[in-house]
Amino acid sequence: MLVSKRILLGITGGIAAYKTTFLTRLLIQAGAEVRIVMTPASADFVSPLTLATLSKNEVLSSFVREEDGTVDWNNHVELGLWADLMLIAPATANTLSRMASGACDNLLLACYLSAKCPVFVAPAMDLDMYKHPSTQKSLKTLMDYGNSVIPAESGELASGLIGEGRMAEPETIVAHLQAALRAKQPFSGKKILITAGPTYEAIDPVRFIGNHSSGKMGYALAEAAAAMGAEVILVSGPTALKIADPQIRVIPVVSAVEMHTESRRYFKEMDIVIGAAAVADYRPEHPASEKLKKTGDSMQINLVRNPDIIASLGREKTGQFLVGFALETENELAYAKKKLKEKNLDAIVLNSLRDTGAGFGSDTNKVTFIDKNSEITPFELKTKAEVATDLLHEIHKRLKD
Ligand code: CTP
């Protein structure tokens, strides 16, 4: 959620400012770009040099900077517009009150007034200050402005008193930001199951029938869906690919029968299912339990049909939006539409093997999205990550809520 997000961190003068070193590290580790504006008082509690080192950016605190005889100004408007998200942590009672009233006599407040992005405040102060009606009024005013408050926590305070007023822990603050960003995503609250990769159909313990699917398209779909806020279950045949996003649960399978069983296990609770796997249509009827020894000049293996996973889900569906893929070499549109209808899909993604740069193993793909009303949306050759985002947008447009 925070990857490449530009975060303007405002630090004000409270003892909790020391925790912003950990907070900055967590934000950087989560992939965010962090710029820091401090009130002059906050530098008594945490070193600007430490924060500059951790954030990999210079730390600003005054409107004007004088260097080697030249005078320049720190452009608060540029900073306010640069940010995807502004976080003020810790936010003292003084700063909260000045934000609420529109005061603007330090760089942090000027950035706040210039920011067009979502603003979060993490209050930190002594318990009686936190409870005071004027502080609560400031917080209410900020919420009325559309800002988000990350509530202070209870615990031991710097004064020695015990109660509400401690700044939320850095991990909690980061989780708040992530949850808020996720909630704004198009697939927030949606569950998506994606099948990906090849299936291996055992001949004996060491040999199998498989195909050249790399799984790249299915994995790109899973990553794009998670980035768009979905909770993803990726039922994956054997691939060399790895997933790091905690929003994606990988269910590893080997054969079509296993992929079918696992897909059915989760199907009922899903909102969307995308069949991107290259499932083997047949499997050896009697896989040998021991390694087969060569005998004559030829051999025969009897194959039996595998379940058609997406078609079986198409028969069972109770409102899920079902998307299949069709890899075709001739009469592409006609064959794809036929599969869409026969498998009771809501949409199908056509891959034509006639298009160079499309298909197995490559990092690019060229697809056409066809929905059940025969609306056809062709796309240019793009990276599989871009194709994934395009496809998810097409699906999103057609969801009923
Ligand atoms: N599919 C599936 N289970 C199978 C075969 C295919 O779920 N046993 C899904 C694929 O994941 C894909 C779609 O069905 O989403 C289309 O599969 P395709 O490769 O076109 O194969 P078939 O439908 O088997 O048709 P063909 O006769 O062209 O092989």
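Predicted model: local features only at pLDDT ≥ 70, side-chain atom pairs only at ≥ 80, totals over all residues.
Biologist: How many helices and strands does the protein have, and is it a compact globule or more spread out?

Modeller: The secondary structure of the protein comprises 13 helices and 24 strands. The globule rule gives 21 Å for 401 residues, and the radius of gyration is well over that, at 28 Å. The protein is therefore more spread out than a compact globule.

Biologist: What box do the C-alpha atoms of the protein fill?

Modeller: The box is taken along the principal axes. Its dimensions are roughly 85 × 50 × 45 Å.

Biologist: What percentage of the residues of the protein count as buried?

Modeller: A residue counts as buried when its relative accessible area is under 20%. Applied to the 401 residues of the protein, this criterion gives 47%.

Biologist: What share of the contacts with a separation of 6 or more comes from residues 24 or more positions apart?

Modeller: Contact here requires heavy atoms within 4.5 Å. Among contacts in the protein with a separation of 6 or more, the share from residues 24 or more positions apart is 65%.

Biologist: Which element gives the largest share of the lining of the largest pocket?

Modeller: The largest pocket has a volume of about 910 Å³. Its lining has 36 residues, and A277, A278, V279, F325 and L327 are the closest to its centre. Two or more lining residues come from each of α9 (216–227), α11 (309–316), β19 (321–328) and β20 (347–352). The largest share, 4 residues, belongs to β19.

Biologist: How many residues of the lining of the largest pocket are charged?

Modeller: The lining of the largest pocket includes 16 nonpolar residues and 13 polar ones. The charged residues number 7.

Biologist: Which element gives the largest share of the lining of the second largest pocket?

Modeller: The second largest pocket, with a volume of about 480 Å³, is lined by 18 residues, and M1, L2, V3, A227 and D245 lie nearest its centre. The elements giving two or more residues to this lining are α8 (170–183) and α9. The largest share, 3 residues, comes from α9.

Biologist: How many residues of the lining of the second largest pocket are nonpolar?

Modeller: In the lining of the second largest pocket, 6 residues are polar and 4 are charged. The nonpolar residues number 8.

Terms used: Residues numbered from 1 in each chain as written. Heavy atoms only, no water. 1 Å grid on protein atoms, 1.4 Å probe; cavity = no way out; pocket = protein on both sides within 12 Å on 5 of 7 lines; lining within 4 Å. Points joined across faces, edges and corners; volume = space filled by probe spheres on them. Nonpolar A, V, L, I, M, F, W, Y, C, P; charged D, E, K, R; others polar. Rg over C-alpha atoms; globule rule 2.2 N^0.38 Å. Buried < 20%, exposed > 50% of the residue type's maximum accessible area, 1.4 Å probe, protein only.
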